[in-house]
Structures are given as C-alpha cells and as structure tokens.
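Subject: Structure handover

Hi,

Here is the structure for you to look over. My notes follow below it.

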Protein chains: 2
Amino acid sequence: MSKRTHYCGEVNENLTGNTVVLEGWVAKRRDLGGLIFIDVRDREGIVQVVVGNEYPKALKIAESLRSEYVVRIEGVVQPRKDINEDLKTGKIEIIAQNIECLNTSKTPPFYITDEAEVDDNIRLKHRYLDIRRPKLMNNLILRSKTAKVIRDYLDENDFLEIETPILAKSTPEGARDYLVPSRVNSGSFYALPQSPQILKQLLMVGGTDRYYQIARCFRDEDLRADRQPEFTQVDIEMSFPQMESFMTLMEGMVKEIYTKIKEVSIDTPFRKIDYSDAMNRYGSDKPDLRFGMEIKDLSHIVKDAEFKVFSQAVKNGSVRAIKAPAAHYSRKEIDRLTEFVKKYKAKGLAWISLKSEGVKSPIAKFLKEEELNAIIEETGATTGDTIFIVADIDKVVLQSLGSLRIQLAKELDLIDKNKLEFAWVVNFPLFDYDEEEERYVAAHHPFTQPNKEDIELLSTSPGKVRAQAYDLILNGVEVAGGSIRIHSQEIQSKVFDAISLSKEEAQEKFGFFLDALEYGAPPHGGIAFGFDRLVMLLAETDSIREVIAFPKTTSATDLMSDAPSTVSDRQLDELKLNLIKK
Amino acid sequence: MSKRTHYCGEVNENLTGNTVVLEGWVAKRRDLGGLIFIDVRDREGIVQVVVGNEYPKALKIAESLRSEYVVRIEGVVQPRKDINEDLKTGKIEIIAQNIECLNTSKTPPFYITDEAEVDDNIRLKHRYLDIRRPKLMNNLILRSKTAKVIRDYLDENDFLEIETPILAKSTPEGARDYLVPSRVNSGSFYALPQSPQILKQLLMVGGTDRYYQIARCFRDEDLRADRQPEFTQVDIEMSFPQMESFMTLMEGMVKEIYTKIKEVSIDTPFRKIDYSDAMNRYGSDKPDLRFGMEIKDLSHIVKDAEFKVFSQAVKNGSVRAIKAPAAHYSRKEIDRLTEFVKKYKAKGLAWISLKSEGVKSPIAKFLKEEELNAIIEETGATTGDTIFIVADIDKVVLQSLGSLRIQLAKELDLIDKNKLEFAWVVNFPLFDYDEEEERYVAAHHPFTQPNKEDIELLSTSPGKVRAQAYDLILNGVEVAGGSIRIHSQEIQSKVFDAISLSKEEAQEKFGFFLDALEYGAPPHGGIAFGFDRLVMLLAETDSIREVIAFPKTTSATDLMSDAPSTVSDRQLDELKLNLIKK
C-alpha cells in the first residue's frame, strides 16, 4: 500500500471516484455480517469506511478490528446515501480495498468521543487518549495556528524572537518563585522566571529594538481552577515606542488573529477606558462591556439622609447602585444575592423593586419620598426593574456591585455571546497602598513609567500618580497587560523611593538592571498576552486545561507521569540538600 | 519630530534627497569644530550623520553627545564623498536638521565594536552592551530568522507546534536532571526535561500526527566550553513515517534554511553512511567528509608479522593507518602527535615517511620488505606522504586515528571551509556494552526501533542489533539525531530485557509510557536538531555563547544577574529543605 494520501477529515465529495489511503484509529465498527462499517479517525476528522465481501482479505482484517486499533486503509471514495450533516465528510464514504492493521489496542478507559462524560482525573491520567478526542485535539490545533499567526505578524513587523533563560535569578517582588538548587554552586538556587520582564528590558538596552517570545513562565502559587504552575505568555517589547502607535500595532495583531483563526472581522481602534471610569462604572478594572447595567453613585442623594446606614457610609465611602431588569426577586433570592455580595465584604444589600403594583423595598420606610424618587431617577429604573444598593467604603462597594453586575447579567441572560467587546484600560494608578505593610507597592511592576504630568507627584502624592500602562480586555477578561517602561535611572530611583525601597535594597535586588539603565537605555515599552487565556477565548472554553497538552491538577501534579515524585538520596546529596521530615 | 522612518542600516543611495528619521546610539563622534560627524548605530547597522552650523540647535546638541548616548535624528540623505566600502550605508551620509538626545550613557566598560578585544567575563557581566556589538546582534537576528524558516517549513508540512511541560518527571536514564522541589507536595521534586522524548511520543499516541517544538532542554552536567545547562532543540515527531521519506522531509528543511538564511543551494538527497563504515573509514560516527585521508586496515598484512606490536594487536584488535600528504615531520612533531593519540588511549604512534631520499621509519627495521611494501600499497602512499599507524583494540585504534585525521587535516590546511558536506549516518548499533555495569545499554534511548531483520537477535546477540536511527552530520558535527520509535509493547519489552531492565523497574520508570503503548500507539518516529549548534554553523562561530542572548559560564553561572544565588530561610522552610553545610 502507498503512504497516506489524505487526512480522514479531508476526504470529501470532490474526491469521488478517487483512490485514497488513510491512516488512523478505529472510532467505531459495526459488523452487519459480510458488510462492515468503520469510522476511522485521525487528527483532522472522522470518515466512514465500508468493507464488503468483494474484498475478502480486507473483510477478514476488518472483522478482527476493535476500537482504537490503528489502521491503514486504501479505498475508493463514493457518495453516501445516508448523508450525515454533522460530519465534514458526511456526504461520502470509502469502499475499502485494502486494510492493514498497524497496531492493536486494549479497551480504553473511556470512549474517545466528545460526548463521553469522563472524570477529570481519569482524563488527566490517560491524557494521550483524551487528546484523541476531537474537542481537545481541535484546541491543540487552534493553539498551534494562533501561535503561527502571532509569529507571522510579529515577524512582518520586525520583531525578533529571542529566547531568555529558564534557569534565572530569583526575583524578590511578585509571586513565589520555583527554585532550582545548583549542584555546582551548592547552597545557591536558580529561579524559574515569573516573566522575562527584566531580561526583555535588557534586550532593549542591548539594542535588539523589537523582541518577542512565546515564553514559559512559572509561579508557585496555590492554584485555582484556571491557573497552572507554568503558563505561556506572548511577551513583546519594543524600543522607541509611542504608546498610541504601539497599541495600534497590538490591535493589528489581535485583528489578524480573529480574522485568520475565527474568520471574524473586528473593529479597530478599540475603545479606551480610564481605570477610574472602569472602576466607577463597572466596579472592575476588566469590565465586561457586552452589556450595560452601569453602577450609579447615589452618595450625593443620601449623604444627609436620616437613614444612617447610607449617610454614615458616605462619610468614609459611598452608596452606589445597579439596576437589574427584573422585579420578581423572592425573599430567598434576595438572601442568596446578599450572601453573594458578602463574599466581597459588603455588610448588606439593599434593594428597591419597581413592581407594577408599586415600589417594594425594605428600606423605603427609612427614606424620604424625594430621596427614593431621586434614587429611582439616578438609576433610570422603571417598572419591572430592581435597584440593588451597597453602602460601604468605595473598594467594597465597587467590588461587590461589579461582581453582582456580572452575576445578574448571567442569571438574566443579558450577555450576547457573539459580541466581542475589546477595550484598553488606561491611566492605571502607578501604586497601590498596601495596608498591611503600610507602604505603597507597584501596581504593575516597579519599572512602569509614570505619566509625564504626574512625575512631580511621585514624592508628594504617590497614590495619585498614574501609570503609562494599558491592559487589553475582552468581554471582561484581561487578555494582555503592558506599559511604557522607565528608561531613566533618575525616575527609577524616585519610584523606588516611593515604594520605600532603599538604595541598598534596590541595588541588591535589581542592581544589575539599574546599572544597565545608565548605559544608554532607550525609551521602551511592551506588553504580555496571556497565551493560554487567549486560546481559551478563541476555543470558547472556560478551562485552561482544555488548551494545554499536558496540564497539571490544582495541586500541581501531573497525574499521567506522576510528577512531582521522590528522588534518590544520591540526587539530594549531590545538591547538598536534606529533606525536613514532618 | 516624527517617528523613525528607517533603521540606520537601511539607509542607502536610493533614499538620496529624502528626509529620514533615525533612532539609535552614538557609536562614534568626531568634532571638527562647527562640523560634527556622528556614527549612529542601531540593530541593523551604522550610518554617518553630519551636523553643521546651518542648524545651530542640532549642532549644540551634537556637541553634548558622547558614546552610547541615545538619539533621534532627522536629516536629509546625501551622497558621500569618501565612500566607505566596508559599510552597507557607506555611499551616503545624513545631513542632520534636528537632533534629540533621548538618554545619556556612562562610558561603557568596553568599546561597542567587534574589533575590541574584551575579557569574556566582562562581556557576560555587561551582556546588554555586548549584544549591541554588531557580530552578536547579527547572530541573534540570524537565530530568529532561522527559527522562523523552520517554523514556516514545518507549518507548511502540517506539523503542529505543541508545548510540553518544563516542570516534568525525573527521567532515570540519561544525564543528571535539574530538580525543582515541590512546595505543595513537599519531599517531591519535578525535573526539568532533558528532552521532550516521552511526551512527544505520547503526543503521537494521542493522534496529533505531526508535532514540533523549539524546545528548551536541560542537563546538569559538568560543562565544557561548548555546552550550556539549558539548550534548545528543534524537536520533531511524526506518525506513520517511512524512514526514507521522513529523511527527505528533513533534508527539505535543511535546504530551506541554507537557501533562505545563507543564500546557498545545497544538493539533496544527502549521502548515507553506515555507522560501521563511518567508524572504519573515518574513526568517528560524525566524520568530516570535506576531505579524504581515510583509515586503512593493515591487519591482514601484519597479522603474522614478526613485529609483535602489530601481530599481537591483531589478535584482540587491529592495526590501521592513515596517510598524510607531508613527509617532513621532525622528531619533535612526531612526539607531539604521539602525545595527541595517547589522549585517546593509544599506546604509541608508528610512522613511515616516504621522503624523496627514501623510506624513513623507526619500525621499518622490524618489518619484512614485502610487509612494508604492502602497507605502502594499502594506504596508497607516495613520495611526500607519511603513514601513521596505531595498533590496539579497535575502539582505541579508530578513535585515535579518527582524531588524528582531523588534527592533521587542520594542520595541513586540507579542509575547504566553503564545502558543506552533509550526510546521514545510519544503521547504528541499538546497544552499547557498558563494561563497568557489565550489561548492554541503549545507544540512543531505549525507545528506538530495531531494524526489522535484526529483531530476532534481540535475545541472542544484542550487540549485533542495528537501530532504525539516523544522525544528520555536517562537516564533522552532529546537527540532528533521530529514530523510528518502538510502537509495540512486545518489542519494547524485549528491548528492556536486552538492557537487563526488569519488568518491575521498567514499570516504575516508564510505566505510564508502557501503558500508553497498549492503547493503539501508531508507528512513529522523529528527530531533534541541536538548534544552538545549527545556528553556530550558520553564524560560523565556534562558541555556543555567541548564539545565545544570555548564556551562562562553564560553572553554570549568569554573571550579569548573579544567578544562581542564595535564597531566604523562609523560602527553604516552605520547601521543607535544609542546606547541608560543608
């Protein structure tokens, strides 16, 4: 038999009458006695093969086949009577003339179809079988294609792909590092990079001008369902950037991805939202803009109200509301929503339902009629709506209403799943105040350039300094984040002062980087796309595991290979390490 | 000023009369008083800028510029009188109208030119400055372009780019692993992958059909000058391969690289050499085929000689020779060459010079005339040649003559540097015999498919089994190595038997992989190119550090960031680790 002529999924009616050779797996076999139907599967799809008694040798082999046996089949393409519209190849079938069994298979622990409901741990243990299932396979194909589109785009725009080390230096800021003990320099450790941030900036100092890398990054954090100990980011940096044109360049890349991968045209430029706007209107720095339900500030209405819950809250915070297009909330549902906002530290959830029979609200009796009317007017509520109100410090009010907004929109099915609402969030604060440590900390990282007009505030009001930073959001998800970086040692020192990092500490932590800034660092800036998340959005899946070939569990374990695992005493001796027994 | 219009290196005579904007570094500045010449450098090259007193503002700034200051310059391109043939841009210069100084620079610790001789450690410490030097910069550009050509080629041939984990399972065979202690599963360790070998095979079991990855790999070995603790390989695997057509596919890729990167056309198909031929004729499994000087076996001539050094050697080994086209070796030179072969455990080096005045040889007196004549005839030596002879066990004879062959060819300048002699080395032995452990070990790795006709020898004469393996060599360097893999559990077990790996051990070490083979593993095979080495060949450099952005020293240290480094007690506590003090 000759070698493969087509992938299974590629055989279609245009090949009618042609002889094809396929290689793949037996997905299904139905033996009708003297006539056997085999669904053969490969990476690109499934096709139906028919084996009849005109070819007794082929029939004999077909009789011996079982699920997941590996076969090579030669046959002629012909139209199919019972057309299967669900299948790309559903209009044809292949009349087998030759069959070769290339390998047998034990009965797999689960059916290799997308429909089979399989326990997550079983899937992970037999990942090589899970990958054969069309959905996961298609995600891997999608991921590969997306990487290609990105590389092509960046290459056309003069970006160089440059690899930075995995055996890197422990970074003192940020999340917990994964450490790698050094054998040659015993007592010393490498760290796996949390991102190539400093190195890509050094590449700019080095004059490489435009850099990218689809880079593996590592964080030893307690994992949530959507996190992995290692993840991939599209890491990009350029010299002499102008913030506007850099954002345009990145929009071009996103547009290209959606055009080539999803065959969807998206409009550019993306809208820009100030961080403070995003927070005040949506209670989130990554608002989902596919629907309205904006947060309204009621503080000016209730600041002198006799209802102390509101008027007191305004003194140190605010009273704000969202309006949901539903007036039918039961006591039980309200309780549930109250519990929901309590997760965000809200002490309670006030509500006002505008029913056709009149206003219903447990707080109505505490409010003057003009206050109530002003609230209704401010929120724009009409009959059939419910107003939800939280009164607290700003952070709590905004977080709880922002989250409630998303929750209600989901419950009320207000989100158009076909919409792609991209936006840039800009004018982030440069610093956050860390209550515990009683000092400012870098909101992004300490190399972010302050807005020009805010530089004088660095020493006087760090909290007011805005950053030349930009996050790209899509439908409420942060897709990418970046900034223009500091290229002047002087400003870098001021920023370190603002986060109370002494010269000595700074020198110890980033000394080599600060040195580099003194040798002709060019203006530069960049961005990093969460590649896993981007692929998740393209694949329309909620789970990061569905876009990674060999993912780990939430306890950072690889169930297939059983990593991490114990090592020999010899290995530990070589590293001059002892395990501390519990 | 508008943004950059061209890279410095791109400005040429076709732009004469145009206004251009450049951004880069001051490479050199000559102040002739009222007329300043500045060489401006960026990633793509250097261009000369002239600043005169027609633009006093620009002149004032130009006066303040020093080496490595960062500038933006606007000016008009004009032909240059004193054409500089060494420079791409040497036919033009730019008359500056506007200059902006974007950053200053301290005086760098070395000149940013290729000519400057700089201590390796200083270069590594200030790598960001070293990268600005044209040679290193061009190597990084070359590396990026090579990766792109490879990706494009593999993409066109339906290969998917799939990422495999860096936090992997410790592999018991092979070199020493880098370990990563797990915090969540304390006492357990991940290992950084020495190669994605098992995972890429599992991807084939998973039906991904064609996989590639430009993959980072790690080995904790004592480093030599040309090794790095982390290195990059172009890792490729495909299902249903036919060895011949797979090799053709890979030849196509290499041809594409040389065409696109070096603008050189290379002939395919590459020649194939049997491993045994390579060893017998060149004393190496990666022979340099740019010159002859083949090894000749003299054993049949001297096996019964009275000269015991020879006749005894034949009993457990052989007597072989190479012929060098020089007859002028002094006693001192012979001593030097004798020392050279002793490094390969040869006990001595016999020689016969055919001088115009007659044969000169310290061993002539021990040989019969017909023996001497037969030796001369066998080696094809004529007047002006010297025959070098080693008598020992085969391994020593071949290694020492193979190395001497290269050494003499270099000394005698016999190697045509412009030649590209590619070849596939095939029919490797599947096993090597480990004298120390008194057992066979896998020559490549234990998943290599034996030659079909040798399978019966697995249990009877493992040493004679040949592998379906292929190494791609170029000019004496191994560029890539691969094999067809075992896809049958039965053959895999036989191979484990041959290397005396018990069922239990095999299960413990590779259990999950052996399981996978039972679920419909397709025939598959692949290859891995040493990417760093490939780029070294393309860049025509002997040092791996010249093709890596941030390399480490031979003691696996990053002199720039000072990694590895000590970590805090808190970090060690979290990992439940103690350092063993010396």
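Start with how the copies meet. Of the interface residues of chain B, 100% are also interface residues in chain A, so the two copies meet through the same surface. Please keep in mind that this is a predicted model. Chain B superposes on chain A by a rotation of 180°, with 0.0 Å of shift along the axis and an RMSD of 0.1 Å. The two copies are therefore related as by a two-fold rotation axis.

Next, the cavities. Rolling a probe the size of a water molecule over the atoms shows where empty space is left. Searching the whole structure gives eight cavities of 30 Å³ or more.

The largest cavity holds about 350 Å³ of space. Its lining has 24 residues, and the closest to the centre are A:I214, A:A215, A:R216, B:I214 and B:R216. Which elements give two or more residues to this lining? They are β9 (210–218) of chain A and β9 (210–218) of chain B. By class, the lining of the largest cavity splits into 12 nonpolar, four polar and eight charged residues.

The second largest cavity has a volume of about 230 Å³. It is lined by 22 residues, and A:E163, B:R143, B:R216, B:T232 and B:I548 lie nearest its centre. Two or more lining residues come from each of α4 (134–156), β10 (230–239) and α16 (531–539) of chain B. The largest share, four residues, belongs to α4(B).

Helix α11 (residues 369–379) of chain A has A:E371, A:L372, A:I375, A:I376 and A:T379 buried. Seen down the axis of α11(A), these residues fall within an arc of 135°, so they line one face of the helix. The face turned away from the buried side carries the exposed residues A:E369, A:E370 and A:E377. What covers the buried residues of α11(A)? The cover includes β12 (296–297), α8 (299–302), β13 (318–324), β14 (350–355), β15 (358–360) and β16 (386–392) of chain A. Just after α11(A) comes A:G380, with a positive phi of about 70°.

Helix α14 (residues 489–498) of chain B has B:I491, B:Q492, B:V495, B:F496 and B:A498 buried. They cover an arc of only 160° around the axis, which puts them on the same side of α14(B). Exposed residues B:E490 and B:D497 sit on the face turned away from that buried side. The buried residues of α14(B) pack against β18 (431–434), β19 (439–442), α13 (457–460) and α15 (503–517) of chain B. B:S500 follows α14(B), and its phi is positive, near 55°.

One loop residue is left. B:I415 lies between α12 (394–411) and β17 (422–426) of chain B. Is B:I415 buried or exposed? With a relative accessible area of 11%, B:I415 is buried, because buried means under 20%. B:I415 touches B:D288, B:R290, B:F291, B:A409 and B:K410, leaving out residues up to four places away in sequence. The C-alpha atoms of B:I415 and B:G292 are separated by 9.5 Å, and these residues are 123 apart along the chain.

Best wishes

Conventions
Residues numbered from 1 in each chain as written. Chains lettered and ligands numbered in written order. Predicted model: local features only at pLDDT ≥ 70, side-chain atom pairs only at ≥ 80, totals over all residues. Heavy atoms only, no water. 1 Å grid on protein atoms, 1.4 Å probe; cavity = no way out; pocket = protein on both sides within 12 Å on 5 of 7 lines; lining within 4 Å. Points joined across faces, edges and corners; volume = space filled by probe spheres on them. Nonpolar A, V, L, I, M, F, W, Y, C, P; charged D, E, K, R; others polar. Least-squares fit on C-alpha atoms with pLDDT ≥ 70 in both. Contact = heavy atoms within 4.5 Å. Buried < 20%, exposed > 50% of the residue type's maximum accessible area, 1.4 Å probe, protein only. Arc of directions from axis to C-beta.
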